[in-house]
Amino acid sequence: MPGLAILAVAIFAAALTGMFTKVKNQKTTTGVVVSIEHKYDTGEKKPTFYAYVEYEVNGEPYTVKSRNRSSSYHTGQKLKVAYNNENPSDSFIKPTFANYLVVTIILAIAVVVTIKTIWK
């Protein structure tokens with residue numbers, strides 16, 4: 001059933017972008033991309049990009065590295081960071097609006113394809 005395959009893609013995309021990620025005692029703040037790492041993986045011709053985002057909790061600076069690889073990061077970009085209120089270094093970069101939009105579109109396509117498949 002093609003609709004289920006597309007649904008699986010949507011769930012995979014959501015997981016890949018961190019939409020299911022949580023930390024204990026989660027709070028959010030805004031961080032700023034302070035540097036970008038360009039890394040060539042074995043056998044790859046194109047680099048992967050990781051952002052280092054600096055954020056502050058109770059006047060203390062922290063840095064988190066992005067988990068997903070993206071060339072859309074740029075220095076100075078503001079991103080939402082989720083962190084553990086009891087251990088602020090336990091953190092991750094929250095998915096952007098664009099991530100949610102893409103997953104929503106894929107989910108909508110999955111629903112339409114499933115309905116069309118069922119009503120044939």
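Strands β4 and β5, the latter spanning residues 87–93, pair in the antiparallel sense over four bridges. In this predicted model, the two strands form a hairpin with two residues between them, and Asn84 has Asn87 in β5 as its bridge partner.

A second hairpin is formed by β2 and β3, again with two residues between the strands. Here the pairing of β2 (residues 48–57) with β3 is likewise antiparallel and extends over six bridges, and Tyr55 stands opposite Tyr62 in β3. The turn of this hairpin contains Asn58, a residue that has a positive phi of about 50 degrees although it is not a glycine. Asn58, located in the loop between β2 and β3, counts as exposed because its relative accessibility is 76%, which is over the 50% cut-off. A positive phi is also found at Asn25, where the value is near 50 degrees in a residue other than glycine. Asn25 belongs to the loop between α1 and β1, and its relative accessible area of 33% makes it partly exposed.

Strand β1, which covers residues 26–39, includes Thr30. Leaving aside neighbours within four places in sequence, Thr30 is in contact with Tyr55, Lys78, Leu79 and Lys80. At 38% relative accessibility, Thr30 counts as partly exposed, since the value falls between the limits of 20% and 50%.

The loop between β3 (60–65) and β4 (78–84) holds Gln77. With a relative accessibility of 16%, Gln77 counts as buried, because the value is under the limit of 20%. Its contacts, apart from neighbours within four places in sequence, are with Gly31, Val32, Val33 and Ser72. Of these residues, Gly31, Val32 and Val33 fall within the range 26–39 assigned to β1.

A search of the whole structure finds one salt bridge. The side chains of Glu37 and Lys65 meet in this interaction, with an N to O distance of 3.4 Å. The pair links distant parts of the chain, as Glu37 lies in strand β1 and Lys65 in strand β3, 28 residues apart. In general, side chains of opposite charge can pair when their charged atoms come close. Both partners are partly exposed, Glu37 because of its relative accessibility of 22% and Lys65 because of its relative accessible area of 34%.Turning to the helices, Gly3 is placed in helix α1. Its relative accessibility is 1%, so Gly3 counts as buried, the limit for this class being under 20%. Once neighbours within four places in sequence are left aside, the residues in contact with Gly3 are Ala110, Val113 and Thr114. Gly3 and Pro88, in contrast, are 85 residues apart in sequence and 40 Å apart in space, taken from C-alpha to C-alpha.

A nonpolar patch on the surface is formed by Met1, Leu4, Leu7, Ile11, Phe20, Leu107, Val111, Ile115, Ile118 and Trp119, which together have about 1100 Å² of accessible area. The elements that give two or more residues to this patch are α1 (2–16) and α2 (97–118), and α2 gives the most, with four residues. One of the patch residues, Ile118, lies in helix α2 and counts as exposed because its relative accessibility is 55%, a value over the 50% cut-off.

How values were computed:
Residues numbered from 1 in each chain as written. Predicted model: local features only at pLDDT ≥ 70, side-chain atom pairs only at ≥ 80, totals over all residues. Heavy atoms only, no water. Buried < 20%, exposed > 50% of the residue type's maximum accessible area, 1.4 Å probe, protein only. Contact = heavy atoms within 4.5 Å. Pairing = 2+ DSSP bridges. Patch = residues over 30% accessible without salt bridge, like charges linked within 9 Å, V, L, I, M, F, W, Y side chains within 5 Å. Areas by Shrake-Rupley, 256 points an atom, 1.4 Å probe, with all protein chains shown as cover. Salt bridge = Lys/Arg side-chain N within 4 Å of Asp/Glu carboxyl O.
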